Structure formats: structure tokens, C-alpha cells
Amino acid sequence: MALKRQKVRFKRFSLCFLLFLSGECLAETDGTYDPNPFQKSYVRLEFAQNYPEAWAQLSLRPGNLQPNLSYIHIVNSTWMMALGGGLRTFDRVSTEAVQAPSRTLAIFSLHHESARVFRISHPFYGSLGVKISYLLPSRSGKLPPLRDPIYPAEIGAGIFVQLIHTISRDVMINLRVDRWRGVNSSKLAGLEIAGGLAINTN
């Protein structure tokens with residue numbers, strides 16, 4: 001069963017990677033380069049999967065793909081900021097699931113991020129940034145959230161690196177790796193891998 005789930009997850013990430021590469025065929029190829037290839041704001045939809053840190057793997061396992069929605073504000077050609085939210089999930093191991101109300105640990109997350117953008121080779125760009133989050137562990141991923149009795153709500157901090165492909169000034173796709181953890185305890189910590197699509201809001 002575990003091997004089958006890993007194969008399904010691999011296929012999902014492979015699909016995201018192929019989507020990223022396919023943008024190269026759609027990108028503008030007229031040879032021109034705009035020093036600021038971005039519009040002022042975007043709405044971004046990502047699908048992310050989280051993997052627990054080594055010290056948390058005794059009680060948690062990787063969860064399923066979950067959506068994240070963000071509003072991106074482009075400050076200038078070298079800085080971007082974003083506000084957003086989403087759901088991070090882990091699967092509890094059997095020893096913890098006995099005490100927990102659900103086999104799934106769902107973490108509602110609201111975040112603010114700030115990133116430095118640098119050009120790799122147009123239309124590819126990279127970014128390196130920091131993220132501050134509010135983490136609310138819940139018994140399930142349903143609304144309204146019911147607080148988990150084992151994991152407390154806390155503030156989270158993280159750093160991330162991102163690869164951005166600008167299909168045009170109005171559309172871009174991204175791949176992101178995010179290392180995050182709760183600052184009040186070491187119970188909540190993980191590595192998030194995400195891929196998404198951002199569309200200009202103007």
C-alpha cells in the first residue's frame with residue numbers, strides 16, 4: 001500500500017514538472033528582454049506536498065497534495081511579496097493515531113512571504129525568500145477547523161527557493177521548495193515542495 005501511494009505521488013510531481021517544462025514552448029521567443037518582466041500583481045494557485053523533518057518522522061508521515069492560494073505583489077523587478085493561505089497535511093503513524101481523533105493531521109496555514117528575485121536566463125527567474133506563517137493544527141481539513149488536541153497552534157517561520165518561468169507578462173508558473181517549522185516547539189516542521197500557476201489580476 002505504501003509503495004502504491006509513493007508511485008501515485010511521484011506521478012503527480014512528474015505531471016507538475018512536465019507542466020513547468022511545457023511552458024517553454026509557449027514563451028515569447030522574439031529575442032527581446034524586458035528589465036521588469038512582471039506585472040504589478042498576480043493570483044497564484046499552487047499544489048503542495050509536505051514531508052516531516054527527521055525528528056518528526058517517528059509520529060508523522062508525508063501527507064497528500066493540497067492547494068495553496070496566494071496574492072502576489074511585485075514591488076519592483078527584484079522584489080516580490082505575497083499573502084496567502086492553504087492546507088498542509090501529514091499522516092500520523094499508528095502509535096499516535098490511537099490517541100488522535102483522526103489519522104490525518106491537517107494544518108491550516110496563513111502566511112506572508114518576501115523574496116528577492118534574480119534573473120537566470122529569460123524567461124527563467126529564481127527567487128530566495130523568507131516566510132512567516134500562522135499554523136493551526138486541526139483534527140481534519142474541514143471548515144470550521146477543530147483544534148488538534150496533540151499539536152498546539154503556533155507561529156511558523158521558513159525559507160524558500162523558487163524557480164519561476166514567465167510564459168508572458170500575464171502568466172507565470174513556478175516550482176518551490178520551502179523549509180519551515182514552528183518557532184514555539186519542534187513538533188511541527190517540514191519540507192514543502194510545490195508547483196503552481198500565477199495569473200495577472202489587472
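Modeller: The model is predicted, and it holds 11 salt bridges.

Biologist: Which side chain meets Glu-192 in a salt bridge?

Modeller: Glu-192 pairs with Arg-88, at 3.2 Å from N to O. Glu-192 belongs to strand 9 (residues 189–200) and Arg-88 to strand 4, so the two are distant parts of the chain, 104 residues apart.

Biologist: Are Glu-192 and Arg-88 buried or exposed?

Modeller: Both Glu-192 and Arg-88 are buried. For Arg-88 the relative accessibility is 4%, and because buried means under 20%, Arg-88 falls in that class.

Biologist: What else does Arg-88 touch?

Modeller: Leaving aside residues up to four places away in sequence, the contacts of Arg-88 include Asn-50, Leu-105, Ile-107, Lys-131, Asp-178 and Trp-180. Arg-88 itself sits in strand 4, which spans residues 79–92.

Biologist: Lys-131 is among those contacts. Which residue forms a salt bridge with Lys-131?

Modeller: One partner is Glu-113, with the closest N and O atoms 3.8 Å apart. Lys-131 lies in strand 6 and Glu-113 in strand 5 (residues 104–121), so this pair ties together parts that are 18 residues apart in sequence. Lys-131 and Glu-113 are both buried.

Biologist: And how does Lys-131 meet Asp-178?

Modeller: Their side chains meet in a salt bridge of 2.9 Å, N to O. That pair links distant parts of the chain, with Lys-131 in strand 6 and Asp-178 in strand 8, 47 residues apart.

Biologist: Why does Lys-131 count as buried?

Modeller: Lys-131 counts as buried because its relative accessibility is 4%, and the cut-off for buried is under 20%. Asp-178 is buried as well, with a relative accessible area of 0%.

Biologist: Which residues do the salt bridges with shared partners join into one network?

Modeller: The network consists of Arg-44, Glu-46, Arg-88, Glu-113, Lys-131, Arg-176, Asp-178 and Glu-192.

Biologist: Let us turn to the rings. How many aromatic pairs does the structure hold?

Modeller: There are two aromatic pairs. In one of them, the ring centres of Phe-90 and Trp-180 are 6.2 Å apart and the planes meet at 25°, so the pair is stacked.

Biologist: Where do Phe-90 and Trp-180 lie?

Modeller: Phe-90 is in strand 4 and Trp-180 in strand 8 (residues 171–182), so this pair ties together parts 90 residues apart in sequence. Phe-90 and Trp-180 are both buried.

Biologist: Now the overall fold. How many helices and strands are there in the protein chain?

Modeller: The protein chain has two helices and nine strands. Along the sequence they follow the pattern α-β-β-β-β-α-β-β-β-β-β.

Biologist: What share of the residues is buried, and what share of the contacts comes from residues 24 or more positions apart?

Modeller: Of the 202 residues in the protein chain, 44% are buried. Among contacts with a separation of 6 or more, 63% involve residues 24 or more positions apart.

Biologist: And the surface? Which residues form a nonpolar patch there?

Modeller: The patch is formed by Phe-118, Ile-120, Leu-128, Val-161, Val-177 and Ile-193, which together have about 500 Å² of accessible area. The protein chain exposes about 10700 Å², of which carbon and sulfur atoms supply 65%.

Biologist: Take Val-161. In which strand does Val-161 lie?

Modeller: Val-161 is part of strand 7 (residues 154–166). The relative accessible area of Val-161 is 44%, so Val-161 is partly exposed.

Biologist: Which residues does Ser-127 touch?

Modeller: Beyond residues up to four places away in sequence, Ser-127 touches Ala-115, Arg-116, Val-117, Phe-118, Phe-160, Val-161, Gln-162 and Ile-164. Ser-127 lies in strand 6 and is buried, with a relative accessible area of 0%.

Biologist: What about Phe-124, in terms of its distance from Ile-164?

Modeller: Phe-124 and Ile-164 are 40 residues apart in sequence, with their C-alpha atoms 5.7 Å apart in space. Phe-124 is also in strand 6 (residues 124–138), and Phe-124 is partly exposed at 23% relative accessible area.

Biologist: Last one: what separates the C-alpha atoms of Met-81 and Ser-114?

Modeller: A distance of 4.5 Å, although Met-81 and Ser-114 are 33 residues apart along the chain. Met-81 lies in strand 4 and is partly exposed, with a relative accessible area of 33%.

Key
Residues numbered from 1 in each chain as written. Predicted model: local features only at pLDDT ≥ 70, side-chain atom pairs only at ≥ 80, totals over all residues. Heavy atoms only, no water. Patch = residues over 30% accessible without salt bridge, like charges linked within 9 Å, V, L, I, M, F, W, Y side chains within 5 Å. Areas by Shrake-Rupley, 256 points an atom, 1.4 Å probe, with all protein chains shown as cover. Salt bridge = Lys/Arg side-chain N within 4 Å of Asp/Glu carboxyl O. Helix = DSSP H or I, 4+ residues; strand = E, 2+ residues; numbered from the N terminus. Buried < 20%, exposed > 50% of the residue type's maximum accessible area, 1.4 Å probe, protein only. Contact = heavy atoms within 4.5 Å. Phe/Tyr/Trp six-rings, centres within 6.5 Å; stacked < 30°, edge-to-face > 60°.
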